[in-house]
Amino acid sequence: LDMICLHDECTWKGTCGRFDSHLDKDCPHEPIECTGEGGCGARVPRREMATHQQFVCLQSCPNSKIKAQGSDGETLDTCDVRLSRNDLIDHLINHCKLRLIHCPHPSCEYSTAYNRMPAHVEVCPLAPVSCPRQCNAPNLTRGCLVAHKGDCPNEPVPCVHAPLGCSHVAPRGQIGQHEQDIGVHFVALSKAFVQLQQSHGQLIGQLQEGQQAFVQLQERLKAVEARLEDHTTLLQPLVLEAKAKAEA
């Protein structure tokens, strides 16, 4: 006995033994459940399932199931966005807050989630920076600022004759002209020489006082040695007498 499909739109005809197989496997109008990874469970005609899963069925972002990690091993957040499969790829590439991106600075190999990158950018040692002294040095990075400070022509430095009393400070690129000013440094040198003479005189006085104290200590030591010798002489007969008594 021939049978027809339950669905008016379907043109299938067949035997009673193939009816169930037709509905379970072939009929394009039979509602079936949206299953599989990320399936929503809705019942949709079989012929519309591909369209449903591509454009209608909301699926979780893959980052909702795993905790993304940055290149330094830090554990990050999870993404709870649900989108259609058609929009999911664009989300993963362009919008997911946990999509892995690389530091925008040249030569920096650091990578982390999109929502964590701003914190790295603020401290990245390879970030291009300008000299704080505005010397216009090219190709400066945050990590080389300390070394650059030792070469920057605009960095204030003391005069090389500072040990002689010169207190002048000027940018490194201009200090050389000052250091060659003989007149200025002759005055400083003269003052330093006078101070040195005064210090020398004070040291000589302290040395002489030390020598006098040393002589006095030597005399006191000799007096102590003499008294010790006198006491030894006085005690010697007593020691011999005590020894004789002990032997008797």
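Start by selecting Arg-133: with 41% relative accessibility it counts as partly exposed (buried is under 20% relative accessible area, exposed over 50%, partly exposed in between, using a 1.4 Å probe and protein chains only). Before you click on, note that this is a predicted model, where local features need pLDDT of at least 70 and side-chain atom pairs count only at pLDDT 80 or more, while totals for chains, interfaces and linings use all residues. Residues are numbered from 1 along each chain as its sequence is written, and side-chain values use heavy atoms, leaving out hydrogens and water.

Arg-133 and Glu-155 form a salt bridge, with 3.2 Å between the closest N and O atoms (the term means a side-chain nitrogen of Lys or Arg within 4 Å of a carboxyl oxygen of Asp or Glu). Arg-133 sits in the loop between α4 (117–121) and α5, and Glu-155 in the loop between α5 (145–149) and β9 (156–158), so the pair ties together parts 22 residues apart in sequence. Helices (H or I, at least four residues) and strands (E, at least two) are DSSP runs, numbered from the N terminus. Glu-155 is buried, at a relative accessible area of 11%.

Next stop: Arg-47. This residue counts as exposed at 51% relative accessibility, and it forms a salt bridge with Glu-48, closest N and O atoms 3.7 Å apart. Glu-48 itself is partly exposed, with a relative accessible area of 34%.

You'll find His-29 in the loop between α1 (19–26) and β3 (31–33), and at 15% relative accessibility it counts as buried. What is His-29 in contact with, leaving aside neighbours within four places in sequence? His-7, Glu-9, Cys-10, Pro-45 and Arg-47, where contact means heavy atoms within 4.5 Å.

Then jump to helix α7 (residues 182–247) and pick Glu-241 and Lys-245, which are 4 residues apart, about one turn of the helix. They form a salt bridge, the closest N and O atoms being 3.5 Å apart. Glu-241 is partly exposed at 44% relative accessibility, and Lys-245 is exposed, with a relative accessible area of 60%.

Finally, zoom out. The structure holds 3 salt bridges, the chain has 7 helices and 10 strands, and 23% of its 248 residues count as buried.
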